[in-house]
Amino acid sequence: MLDPKLLRTDLDTVRANLARRGFAFDAAAFQALEDRRKAVQVRAEELRGERNTRSKEIGRLKAAGQDTAALMAAVKALGDEQADLEAQLATLQGALEDVQLGLPNLLLPEVPAGRDETANVEVRRWGEPRSFGFTPKDHVDLGAETGLLDLDAAGLIAGARFSVLKGPLARLHRALIQFMLDLHTGEHGYTEVYVPYLVNRASLKGTGQLPKFAADLFAVGGEADLLLIPTAEVPVTNLARDRILDAGELPARFVAHTPCFRSEAGSYGKDTRGMLRQHQFEKVELVHLVPPADSAAALEQLTGHAEAVLQRLGLPYRVMALCAGDTGFASARTYDLEVWLPGQQCYREISSCSNCTDFQARRMVARWRTPATGKPELLHTLNGSGVAAGRALIAVMENYQEADGSITVPEALRPYMAGTARLPARPA
């Protein structure tokens, strides 16, 4: 959520910044709503004061034995008007909050201009795509030939955009997750957390998924009114909700492995082949909570931690600075990591690392106590995949495939595979 003070005092700056995203903010309508709220609030406060004054006069008159009927009728009329205005005020405040909840974060100045992903800027590359002596297959064909990836069975069980992994491929998937957790906790200094996979609406509102992305969520229903998490970012970031952290607790860095559940409501017909875009997938998520002055450096650090995963696995990738129009709703600045997939002959996103500045913190009322003043202020939140396990599995399968259909296991994963060096071309 944006700073209400900024919305009240500098709408032109807000409108210009949001316009960089291609977001049309009706500042005039917002200002009219705010002006009406102010007028109603001022009048309600005037009435409250007038009622208090007349109520005291009633007490004085009663003590003097004088008639107070007319004055009491006037006080009642003032009370009725005040109650009506307070109801109007509640409605206006609700309308203003709805508008504010629908506004994306303000972009940082260094975010490149542009309307869509074609304007994203390549920052750097690591590794060279492998030269194959044969035509490389994509993960779907590799999985089908070995029988280790069964999309038909998943379709029978649950429908489209699900998968079943078998035998050594399932173990390779698990190995990737354990490897990432060990790397981030052992070398990068993260605290591992196990968090709920079901969350309440307040948690999703706090990180910006609600109300904007309600269509992408799976609701469980029932009296509890819980929803499945679309990413571990939601429960992990909400660890700071309604809290004031001491300066000594920052920076706080958390890592969590969870399944993620997304309806992919806006992606009909996109990436329908294989495991690229699923309703259920696994992710290792990284979350930073930092003082505001440190969030720019924290974004570089977090991105580097995600890059380390791909480097240890020997997977070629590139880092992209997302342009204004492609930056996510809650983010002020984002880097995407795109891994090379030989089966598609292109780079595909495997991690998105974002600095959300104080946008989520304001929604969650997540603060820290500043040493300089001793007063609580909003902290900054960052998040990124470290990395998406399903897409990492795809990348390993395609980059480490051999001509006979077997798949070499990267050195970094072999300790998690009981020393297995290769997934066979045919089921054993």
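Before you start: this is a predicted model, where local features need pLDDT of at least 70, side-chain atom pairs count only at pLDDT 80 or more, and totals for chains, interfaces and linings use all residues. Residues are numbered from 1 along each chain as its sequence is written, and side-chain values use heavy atoms, with hydrogens and water left out.

**Exercise 1. Find out what surrounds Asn399.**

Step 1: leave aside the neighbours within four places in sequence, and Asn399 is in contact (heavy atoms within 4.5 Å) with Arg130, Phe132, Leu315, Pro316, Trp340 and Pro342.

Step 2: locate it. Asn399 sits in helix 12 (residues 389–399); helices here are DSSP runs of H or I with at least four residues, strands are E runs of at least two, and both are numbered from the N terminus.

Step 3: check burial. Asn399 has a relative accessible area of 6%, so it counts as buried; the cut-offs are under 20% for buried, over 50% for exposed and partly exposed in between, with a 1.4 Å probe and protein chains only.

Step 4: look at the side chain. One of its polar atoms lies 2.8 Å from the backbone oxygen of Trp340.

**Exercise 2. Describe how the rings of Trp340 and Tyr347 are arranged.**

Step 1: know what to read off. A pair of aromatic rings is described by the distance of the centres and the angle of the planes.

Step 2: apply the rule. Rings of Phe, Tyr and Trp (its six-membered ring) pair if their centres lie within 6.5 Å; planes under 30 degrees apart are stacked, over 60 edge-to-face, and the rest tilted. That rule gives 8 aromatic pairs. For Trp340 and Tyr347, the centres are 5.1 Å apart and the planes stand at 65 degrees, so this pair is edge-to-face.

Step 3: look elsewhere for rings. Phe213, Phe329 and Phe359 make up one aromatic cluster.

**Exercise 3. Work out the strand order of the 8-stranded sheet and what lies across it.**

Step 1: trace the order. The 8 strands run 1-11-12-13-16-10-9-4 in an open sheet with mixed pairing; two strands pair if DSSP finds at least two bridges between them.

Step 2: find the edges. Strand 1 (121–126) and strand 4 (191–192) each have a single partner strand, so one side of each has no neighbour in the sheet.

Step 3: Strand 1 pairs with strand 11 (residues 317–321) in the antiparallel sense, over 5 bridges. There, Arg125 stands opposite Arg318.

Step 4: place the helices. Helix 12 lies across strands 10, 12, 13 and 16, at about 35 degrees to strand 16. Helix 7 (residues 167–186) lies across strands 4, 9, 10 and 16, at about 10 degrees to strand 10. Axes are lines fitted to C-alpha atoms, for helices over the stretch in contact, and angles run from 0 to 180 degrees between N-to-C directions.

Definitions and conventions: Polar contact = N/O pair within 3.5 Å; in protein donor to acceptor, adjacent residues only side chain to side chain.
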